[in-house]
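Student: I would like to learn how to read a few features of a protein model. Could we go through them one at a time?

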Amino acid sequence: MKVIIEFCLALLCFVVAIIPIGFLLIFLLLGEIFRQIIRLYLSLKYNQKITLVNGSDAIFLFSKQKTEVVGAVCFIFQGQLNLEAAKREFRTHWTDPQLNGHFLHPKLRCRPKQVYGYFYWIPEDDFSIDDHIQQFDCKPPENDSELTEILSTICNQYFPDNISPWKLYFFSLNDHPEPHYAFIMHAHHCLMDGFNGVRMIEEGFLDKSSVHYVTAKAATANNISEPSLKSKLLLFFITLFYTPFYLVKLGFSKDVNSLHGPKQCGKRFIGCSEQIDLKRVKRVGKMVEATVNDIMTSCVTAALKHYFVEQDEDVSKIHAQSPIYLGLQKAGFVNNMSTMTITLPVGRCIEPLDRLRLVRKELLHQKRSYYYYCVHLIIEHLMPRLPLFMIEPILLLNGSTLVNTNVPLYQTQCANKFGDKVKECFIIPVHNSNMNVAVCVTSFNGKIRLTMSADRTVIDCAEKIEQFLASCIEEFDILDNLVKVNSTNLK
């Protein structure tokens with residue numbers, strides 16, 4: 001019944017918007033011609049072929065803040081730091097490989113540049129690996145708190161405008177009896193998504209024989225294969241049909257709460273939770289027929305409820321953007337993803353198991369719907385052909401409170417190419433100008449960790465990040481105990 005109602009509403013919106021859609025198609029054609037003319041002009045100016053930033057990459061360049069859509073992948077290695085050897089490996093596997101006279105990963109040597117509302121990859125004037133791989137200037141951290149402060153400092157750094165937006169930082173640790181060092185990949189989301197970032201680190205720095213990771217198919221319940229030409233055409237027309245309804249729906253789903261709305265300052269607080277045994281989470285999931293992602297999303301939802309209660313806000317539900325890995329191409333410096341808008345029940349009177357059921361039902365509904373296909377096609381084919389001044393009003397329709405993502409990492413004790421064992425691995429999430437908070441769930445070597453990023457206009461101290469993440473862990477403990485009690489009663 002819900003699908004029929006949505007179809008009828010989409011039909012109504014399409015009929016009302018059919019004339020504007022006609023003008024939109026004409027404008028898209030003109031926009032494509034205009035941006036290609038600019039590309040030819042830039043190619044002549046720089047005396048080399050200039051490429052356009054595609055839609056999946058450009059969507060992350062629309063943010064007004066320079067640090068919000070910059071994430072980090074963090075590794076802790078047991079071993080002695082050898083910076084020059086690390087540079088040599090990344091030159092060999094990342095920046096220097098060529099195919100038919102062209103660099104295999106050209107984005108690593110190019111900077112994104114906006115010209116008349118469109119984005120292009122402009123080669124660096126004088127590429128040097130030393131600009132991108134450095135030993136971070138800091139006192140070796142003595143504990144997790146000091147390490148988190150260093151991560152916050154790194155994540156709040158701006159990239160120079162004249163280089164590609166990625167850096168690899170190394171620094172030693174002091175909180176272990178044996179030598180340990182940290183490796184941080186600090187990169188703008190326009191270069192790659194989190195799953196591809198992890199895979200490319202595997203290609204460039206890890207011993208592949210020691211790596212076992214969750215495959216793309218296992219990572220998400222909605223992995224899709226490369227569609228045929230007929231399917232692509234069908235999806236294109238479905239997207240045109242549903243786009244007016246989708247935009248109207250976005251406009252009416254704006255959240256009003258203290259975590260959404262204030263203008264961002266561009267500086268973030270970063271936090272990491274304690275680890276949870278993955279076997280415990282899977283055991284709970286097996287008992288209630290829920291996935292790991294369902295359970296952890298429910299825990300984040302409960303933490304949001306506690307936060308709003310403490311802030312004395314009467315909020316019954318919020319919206320979140322949940323990225324989906326599409327897996328349409330092999331791993332690389334690319335963004336193979338879409339996103340779905342999910343509704344999270346943060347009401348005060350909902351019991352933990354009931355909240356988990358509601359979250360699971362919502363996630364299943366969104367995964368089975370057509371919306372994330374439409375979003376992917378809109379991002380990939382429509383938005384890059386519109387100038388920035390037309391994109392910004394569309395982005396304002398997104399009224400979600402947070403980004404909630406799940407990135408599976410390596411599931412065994414792996415090592416780098418020098419034999420240094422990976423002791424910890426996790427991801428710092430990103431958000432954009434419209435969403436002030438992001439939470440990421442990562443699993444590594446049988447352990448789950450939550451990380452959080454929040455703009456300082458909505459979270460005014462690092463302690464609130466720690467409290468929020470601790471609340472997520474407490475909610476899981478409650479779910480675990482409830483499932484044990486129910487299991488005992490059934491026996």
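Student: From which domains does the lining of the largest cavity draw at least three residues each?

Tutor: The lining draws at least three residues from each of domain 1 (64-210) and domain 2 (229-414 + 429-489); domain bounds come from an automatic or database domain assignment. A word on the source: this is a predicted model, where local features need pLDDT of at least 70 and side-chain atom pairs count only at pLDDT 80 or more, while totals for chains, interfaces and linings use all residues. Residues are numbered from 1 along each chain as its sequence is written, and side-chain values use heavy atoms, with hydrogens and water left out.

Student: What is a cavity here?

Tutor: On a 1 Å grid over the protein atoms alone, a cavity is a set of points where a 1.4 Å probe fits but cannot get out, and lining residues have an atom within 4 Å of a point. Points are joined across faces, edges and corners, and the volume is the space filled by probe spheres set on them. Here one cavity of 30 Å³ or more is counted, and the largest cavity holds about 70 Å³. Its lining includes Arg35, Phe62, Tyr118 and Met383. The lining residues divide into nine nonpolar, one polar and one charged (Ala, Val, Leu, Ile, Met, Phe, Trp, Tyr, Cys and Pro count as nonpolar, Asp, Glu, Lys and Arg as charged, the others, Gly among them, as polar).

Student: How far apart are the centres of domain 1 and domain 2?

Tutor: Taken over C-alpha atoms, the centres are separated by 25 Å. Their contact (heavy atoms within 4.5 Å) takes 37 residues from domain 1 and 36 residues from domain 2.

Student: And how are two packed helices described?

Tutor: By the angle between their axes and the distance between the axes. Helices are DSSP runs (H or I, at least four residues), numbered from the N terminus. Axes are lines fitted to C-alpha atoms over the stretch in contact, with angles from 0 to 180 degrees between N-to-C directions. The axes of α8 (residues 278-288) and α9 (residues 292-310) come within 9 Å and cross at roughly 95 degrees. The two helices are therefore roughly perpendicular (65 to 115 degrees). Among the residues in contact are Leu278 and Val281 of α8 and Ile295 of α9.

How values were computed:
1 Å grid on protein atoms, 1.4 Å probe; cavity = no way out; pocket = protein on both sides within 12 Å on 5 of 7 lines; lining within 4 Å. Parallel < 35°, antiparallel > 145°, perpendicular 65-115°, else oblique.
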